[in-house]
Each structure stands twice: as C-alpha cells, then as structure tokens.
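My notes are below, in the order I took them.

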Amino acid sequence: MLPAIFGYYSQTRFTAFQAMDGGPTVLIVGAGAAGIAAATRLLDRGFRNLTILEAENRIGGRIHSVRRGTNVLDYGAQWVHGKENNIVYDMASEHGLIEVEQHEENELYYKSTGELVPKETSDRMMQTFEALLEDSLPALKAYTGSLGAFYDQVYYNAVRTGKFDGIDQRTCHQLYQFFIKYHNTYNATDTLHEVSGAGLLEFEDHQDDFLINWKNRGFHTLLDLLMRKTPEQNATPIPVEQYIKFNHTVKSISWSHAGVLVACTNGTTFAAAHLILTVSLGVLQAMHTVWFDPPLPAPKQNAIDGLYIGTIDKMFLEFREPFWPQDNSWHGFGLLWEPEDLEQLRRDGRQWLASVCSFFVPDRTERVLVGWIYGHDARLMETLAEADVIRGLLYALRKFLPHFPVPQEASGAVSWFSRSRWYSNPHFRGSYSSRSMRSEAAQAYASDLAEPLTARAGTFPIVQFAGEASHPQFYSTVQGAVASGWREADRLIELYRETALDVELARPVVKGKL
C-alpha cells in the first residue's frame, strides 16, 4: 500500500498540493515516442511539475537512430508508415523532412541455388496474390481462423483455379513462402498462424507501395519535431530534456486514490498525482505483477497478458568495398530457400538463418547491407556471438549470390557489424504488438489497455497507459505511439481545463522556459 506521505493529505490538502508550483505533479515513465509526445503536449500547455523516468541513457525508445560516418542508421522504426491519415507524415512533410524512395521495398528474389527469379515472374505472382487478398477482405471480417490459415486458403484456391498458370509451381510456392515470411516481419510475429485474421482488420494499414524515408536524418527527427528542435520549424524548442532522468528503471508502483509513488532500482522515489506509463507491452507483460501495489484490476491484466508482442531485428554489415552493383538498380533481395538447403542449415546448426527474410541497402548508403530477421530465430540470433552472426550472414550471401564477389571471410572485408536486440533488452522485451488468436480468445483489446486507473468515481486518472499497443487502429506504429501520448496528455489537460489552474497552466513559453 502507499506509504504515510499520501495519508497526510486530505482531499482539500491534496487539491492544494496539485496547485502548488505550477500545476499537478505528473510522472511519465518512458522517453520513447509516446512519452515524448505526452511530455511536449503537457509542457506546451504549461504543466511544469513534470518528471520523465527513462531506463535507457537516451531518448527514443524503439526509435533509435545512430550516425555511422555520413549515414544515419535506424535500429528500430525506419520508414514513415504511409501518407494517408498519418500524423507522423503530416508533421514531417510540412517541413520537407521526408522523401519517397524511388524503388519498391522488395524488387528482386534469389533462390538459395543462386538463381535470380525473373522480375516479370515475381511481379506477376505477387501482384496477382495481393489482388486476390484485396478481393477476399470482406470474407476476412467473419473469418474465425488465423491470418496464416486465411492466406493459405486464398493461395491454394488460386493455385487450384489456375491463377498462377505459366509460373513454375516450385517458384510460385517459394514466392508465397517469402510472402509469409515478409508478413511475419511486417507484423513482428513468429508465425501468421498466431495472428488473428479478423483482428487484422482493426489495423488501419495505409502503407504505400514505395518507402518514405527521412533524408538520411533518421527517425529520431520525429522526436526533434515533437520538441520543436528542427531548424525548419524556426520555433522556440520545448525543453523536454531538462525533465528527463536517465538510467532510472522502475522497481515498484504504488497507487491509490491519493496518487502514485514510483520507486526505481537505483533507490530514488518519486511521488505524483498522475502517472503516464508508456513502456512497451513486453515490459508490462514481464513486470506488471511485480510492479503494481495493489495489483492491477482483472480487465487490465487480461489486456496486458492477452495482447501480443513479437520480435524483429536488423543486422548491419558494413563492407570496406561493396560487392553489389552501384548503378541504383540493386537495392537488396528477398530470400527463397530450397528445401534441401533448409535441411542443411539444420544440420549445420545455422537454422536461425531460415528466418532471415531479406537483405536491403539503406537509402543514401553505399557500403551497408542490412538483414531482417523475425520471430524465434531473431530471439536466438540475439544470443549468438557476434562472430557467429557475421559468419552466418556471409554464408547466406554467398549461397544466394554466388555470381557476386561476396567475401569468404569477414576479416579485412567487413569493417563494422551491429544488430538490434529488441527482445533481450529488458527495457523493451519485443519490437511491437499485433492481434493474436490468443487475444481474440481472451477478448483482450487495446481499448482496455488504454483505460486509466481512476479515483473520484472514475473521473480522476491516477495511472494512465500509452504506447503503440494501446492504440486500437495504429498499434505497432510510431503514429499510434504518438497519438496515444497525446491522448493521455489531453486527458489531463481536459481534466484541469475548467479549474482554477486553467489560468496558471495557460502561461506561454518565454525564452525557452516554462
């Protein structure tokens, strides 16, 4: 239970406590997209008693842009997720900070025999299948099975009815298997047979055929936009950094009608009237039974435990000399494995390579090749020695690209290697969320996750929840995370709008100070 400090305040005294020194005390846990969005919104409205607790030594959360020479590489969020109904796109395009890459994400497909699938063949198969899926979407609304089962049904019906006639059956099936792997990567799932078919329709997918990048500035630019720090905005920055306490990992959260008390593993303790918790779903799943006193109510626990979060990772290889064409005709490729080569991977103890979906060359780079990996094998890859991962990736590249001068050994050829580890990092425990068959069975919904813990007949939010997993339509995306942060900030702004604090909280920013 809460310590005596909260018992000291009667309701009258607690109201006075809120009004002291510039408004209510607000704690935000997490300085990712949702946390920064909530903080900038509150600071912009004059809230000054604000503290942000961040377990890492940087802001951004699952946005992690790192400069490498003249390039910026994104370990997490990388591309803007379409133009339509996207607040991230709207903010960035207003200031000319993004551009459309002049190629599709996956244009070329190689088999593990080294054979390049003719582009007209792969284009026809993929375009035909995607059109069939689009036509089948109305049936998905009433579908009770998994997304994987639904895709299988559409694909095998297309094969049976001759939709792919003229395409080698083996190649057609390999392209379909790639499609499945790509969508496991896209949804951050181990298998699409875990994903709810009908649940997918909750997600508003406006992804374009072409990719929208940040002009070699990285997705971190979004955080600068939120904080009004980009030169293009020509505005007084919102001084979020001065409110952040880095390397503060939550140990416990005590809450009651009087407020919250958050203790950190470094021994510090913070009391507040309101807490906005923006940690990932993976962290909530691992920690909610440890953190909360009293325990979370059953509907909240059901939402946390029932929703799904998976893992995708990137593996960065920088070569001293690029071995691929430099004429802008080659941007990477999808991997089509032959069954006998998959069996060889298992015999060699390199089975994790089977879940490397594709390699791509990041836009505006020349010597960097990035591999995508998903699911169980991504989590396994995170545990392997760096040298073993590099050797495995070079093996795969030589296998698929025997006509390219792929180095035999990393020594002298690979100048740098790095990888994301979104699952094994205890501050994330996964990449992003999706809707699973288990979610459907448990009736676990984002709206339940977003519901605050309240006092005073449900009108006073004590513990609020934000983050991509809490957004009903844009889960798994940065725009969903930002919108959720704004949602929870607006909840507090509206709460105090008609109080005596309104005059106090409406003070404008002067010379960068609040």
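**Ground rules**

I am working with a predicted model, where local features need pLDDT of at least 70, side-chain atom pairs count only at pLDDT 80 or more, and totals for chains, interfaces and linings use all residues. I number residues from 1 along each chain as its sequence is written, and side-chain values use heavy atoms, with hydrogens and water left out.

**Entry 1: the whole chain**

I looked up the secondary structure and found 17 helices and 22 strands. Helices (H or I, at least four residues) and strands (E, at least two) are DSSP runs, numbered from the N terminus.

The C-alpha atoms fill a box of roughly 80 × 50 × 40 Å along the principal axes.

Buried residues make up 56% of the 514. Buried means under 20% relative accessible area, exposed over 50%, partly exposed in between (1.4 Å probe, protein chains only). The accessible surface comes to about 21,600 Å², and 50% of this belongs to carbon and sulfur atoms. I note the Shrake-Rupley method with a 1.4 Å probe for these areas; for residues, only the protein chains shown count as cover.

Of the contacts with a separation of 6 or more, 76% join residues 24 or more positions apart. Contact means heavy atoms within 4.5 Å.

**Entry 2: strand β15**

I traced two partners of β15. Strand β18 (residues 368-374) pairs with β15 in the antiparallel sense over seven bridges. Strand β19 (residues 414-419) is also antiparallel to β15, over five bridges. Two strands pair if DSSP finds at least two bridges between them. Phe316 has Val370 as its bridge partner in β18 and Ser418 in β19.

**Entry 3: cysteines**

How many disulfides does the structure hold? I found zero (a disulfide is a pair of cysteine sulfur atoms within 2.5 Å). For Cys357, the nearest cysteine sulfur is that of Cys172, 17 Å away. Cys357 is buried at a relative accessible area of 1%. Cys264 is buried too, at 3%.

**Entry 4: aromatic rings**

I counted 33 aromatic pairs. Rings of Phe, Tyr and Trp (its six-membered ring) pair if their centres lie within 6.5 Å; planes under 30 degrees apart count as stacked, over 60 as edge-to-face and the rest as tilted.

Tyr110 and Phe333 have ring centres 5.2 Å apart and planes at 85°, so they are edge-to-face. Tyr110 is in β6 (residues 109-111) and Phe333 in β16 (residues 332-336), so the pair ties together parts 223 residues apart in sequence. Tyr110 is buried at 6%, and Phe333 is buried at 0%.

Trp330 and Phe404 are a tilted pair, with centres 5.8 Å apart and planes at 45°. Both are buried. Ring pairs link a cluster that includes Tyr110, Phe333, Trp330 and Phe404.
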